[in-house]
Amino acid sequence: MSKFTHFLKDLDDHLFAYPKVILGLLFAITVFFAAQIPGVKMYSDFADLLPQEHAYIKLHNDIRDTFGGANVVVVGVEVTEGTIFNNDALALIHRLTRDVDSLPGINHNLVTSLTHRTARNTWLSEEGSIVSQPYYDPTKKPILTNAEMAEMRDAVLANPRVYGLMVSPDLKSALIKGQLNEGALDYEETFKQIQTFRDREAAPGINIHVTGQPMLVGWVYTYIPQIIQIFLFTIVFMFGLLLVYFRRLYGVLIPLLGIAVSSIWGIGILSMLGYNLDPLTLVIPFLISARAMSHGIQLVERYYDEFVKCGNGRKAARITFDSLFRPGSLGVISDAVGLLLISLGSIPINTKLSYYASLWAICVIVNVLILVPMLLSVLPQPKKAEIRHGWIRKFLPKIGALVANPTYARRILVATGALFLIGGIFSTTVKIGEAEPGSPLLYPDHDYNMSSAAINTSFPGSEELYIIARTEEKGGLKKPEAIKALEDFQNYMLDDPDLGGAKGLPDLVKQVNRLLHNNDPRYAQVPHDEYYVGGLMFAYMASSPIPGALKEFINPEETEANMVFYYKDHQGETIRRAIHMVKSWIAEKGNDVEGLSFHLAGGIIGVTAAINEAVFETNKIVVPSVLLLIFLFVTFFYGSFHAGWMMFLSMSFATILSYGYMGFMNIGINVNTVPIIAVGIGVGIDYSIYIMDRIREEVLKTNSLQEAVIRAISTTGLAVCVTAGALILGVIMWVFLSDLRFQSDAALLLVVMLVFNMVASLFVVPSWITIFKPKFITDIELVDGVIEEKHTAPAAT
């Protein structure tokens, strides 16, 4: 430890010997990274959300081209007066069906609608053969008489695969669904075309609702210009804050230089890695750049303070570097570790984020902690260096006196314990996955969430869960015992009150069997002979001139059948209950039929279940790992387990209370919030490190722990308040200005975490030091310009 500390001490000798050379080298690197920026692209990739090694995602990848995936466009057409069974409404549904079938990357075999060619009325002819025709065929008869319309309505009511699934029970709405091929996704163009035909078909008495993953991503894309505007507005706002606070040229420009250089390096690294910039993760890069500015404020604040004392700019810059490089580097490493550990999860979007963001963060050591002191050492000395802090300068010594008083320090620690308990209680209510219906990315009154609510009110549900039944032998799914097992499974799942409906092979077989027996309801059952079952399936397929009539139910080899279950939302609780019910039935009856097996899980519910499970595992690994590694880093840097413990205490305080806040505010842990939590831990610990290090430094000067605590809170505490305040005020802009709810919620969560970390640094850490008097702070000496803990010499013998 001593060698490492002396290495840090000697580093400034080499750096300050050639400051202009160092600055020239940093400038050249900055120009190089700036040249890489044009190669960066901003877009969302659905595959980045999927934990590819998860069993559900492997199934999803296997079946998405056969039965469909999670990228479904759902269009609901609603009439406010009467029903959809009139010529104008049916013509509208037909036009919209064609529009959906024309979307880029659409799977034409997986488009469903009342007016689509695959939606057919099937009946038994006088000759005893099964025949079918489309419910709606504008090429033959575009205008239907009242009698023909009534006949069509009655036929729809008699078909459970159309009534309730494609036509709402109240007959006022129709549903159009289209699956997009995931290898050919173009969210921006898809969204543009959907909005075009929505605008074209808008009319009084007609409501057109659209939901689905492609629509959600498309809406997010529309906010990219606003995101850029908020970035620019935040920079202007921070410029104003620095101007008001410092009122000095260096105090304003140098922290902003930190943002600029850090951003250039970070985006350049992103480009060199070949990664895309996802709109949903922009808060993290912004936070890293803002942290760079915070470190710049710390350095400039200390520089002015030292310049007032010594009157020499170069010497003040060197003292600033000596004092702040170690705690600053430790803080930066903590940031980077928190980000890098996100890669322990299995979700690609977070893995990519962890790689480029951790490199972006670690570069702050060079492009801020080294660059700023070097720059200050060569710039002309300021004429005026004293900064007036007003009320905050008078207020902080009072806080210092409070935490330096053992009586009040004990009370603060007791209050800390009580807050731990309260935070722990509320943190138990945090949900994995979405905590409410609709998408948490957008506000409840947003068009997307309103459309989702309208569709789920009229229909069984727009959120689909696919469960695949497989047999080992070709044609094995025609066996009656296999179909009856599917029927038993479907009936079991329908006991879930939140399940809106289901669709599967048993329904088709029973319906065709009834049809062949003159529509006698007694024959709505699974036959006892596999050849008879096969004949029913063939008869249905042969009745349709459209190839692949059975594809939505079973694959051509008849070895895989898709059971579809419709839910009204994909909240974490809904998904967990659905998956639990599936697993419970499989555990009890899944092996009753030899050669038949059931596999989870596709559709948006299955994919989201995989993401939620991956998020749970990631959160379970990442947060403890961040706490442990930062504990080890601090212990190593200071050569004291007590130092590591204090930082662990500070981090735990902020983390537990942050989880408690999430539970209280009903914010779920999902793929978007895990990075926020991890980076919030690393970012906030900086404040406690700076305070702890300054107390140690002041103990050496004053030889009084009480006085050292008061001085540290009065000086470094001021810098902590200023940097945290600037960061909080910058981040909070997103709360008020962003129309993306996720960014607003994420910003507010970050603000809460920063506040808790600031409270820990100003109250919890100094109070602990006051009460327990750790030796690495109270029993120290200066050895060759380096602060070290005293080592008692062994007694002479």
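Mentor: A disulfide is a pair of cysteine sulfur atoms within 2.5 Å. The structure holds zero disulfides. This is a predicted model, in which local features need pLDDT of at least 70 and side-chain atom pairs count only at pLDDT 80 or more, while totals for chains, interfaces and linings use all residues. Residues are numbered from 1 along each chain as its sequence is written, and side-chain values use heavy atoms, with hydrogens and water left out.

C363 counts as buried because its relative accessibility is 16%, where buried means under 20% relative accessible area, exposed over 50% and partly exposed in between (1.4 Å probe, protein chains only). C721 is likewise buried, at 16%.

The setting comes next. The protein has 26 helices and 12 strands; these are DSSP runs, helices being H or I with at least four residues and strands E with at least two, numbered from the N terminus. Along the principal axes, the C-alpha atoms fill a box of roughly 110 × 60 × 45 Å. Of the 797 residues, 59% are buried. Among contacts (heavy atoms within 4.5 Å) between residues at least 6 apart in sequence, 81% join residues at least 24 apart.

Helix α4 (residues 87-101) packs against helix α6 (residues 187-201) at an angle of about 165 degrees, and their axes are 10 Å apart. Because of that angle, α4 is roughly antiparallel to α6. The angle runs from 0 to 180 degrees between N-to-C directions, and the axes are lines fitted to C-alpha atoms over the stretch in contact. Angles under 35 degrees count as roughly parallel, over 145 as roughly antiparallel, 65 to 115 as roughly perpendicular and the rest as oblique. The crossing of α4 and α6 is right-handed, a term that applies if the near helix is turned clockwise from the far one by less than a right angle, with anticlockwise giving left-handed.

Which residues make the contact between α4 and α6? On α4 they are L92, R95, L96, D99 and V100, and on α6 they are F197, R200 and E201. The residues of this contact comprise four nonpolar, no polar and four charged. Here Ala, Val, Leu, Ile, Met, Phe, Trp, Tyr, Cys and Pro count as nonpolar, Asp, Glu, Lys and Arg as charged, and the others, Gly among them, as polar.

Another helix, α24 (residues 705-737), contains G730. This glycine counts as buried because its relative accessibility is 0%. Leaving aside residues up to four places away in sequence, G730 touches T234, M238 and F286. Its C-alpha atom is separated by 9.6 Å from that of V751, which is 21 residues away along the chain.

Finally, some backbone details deserve attention. Most residues other than glycine have a negative phi, and most peptide bonds are trans. L171, although not a glycine, has a positive phi of about 65 degrees. L171 belongs to the loop between α5 (146-157) and β5 (173-180) and is buried, with a relative accessible area of 12%. K773 also has a positive phi, of about 45 degrees, and is found in the loop between α25 (741-772) and α26 (775-778). K773 is partly exposed, at 47%. A cis peptide bond joins L600 and A601, with omega about -15 degrees; A601 lies in strand β10 (residues 596-602).
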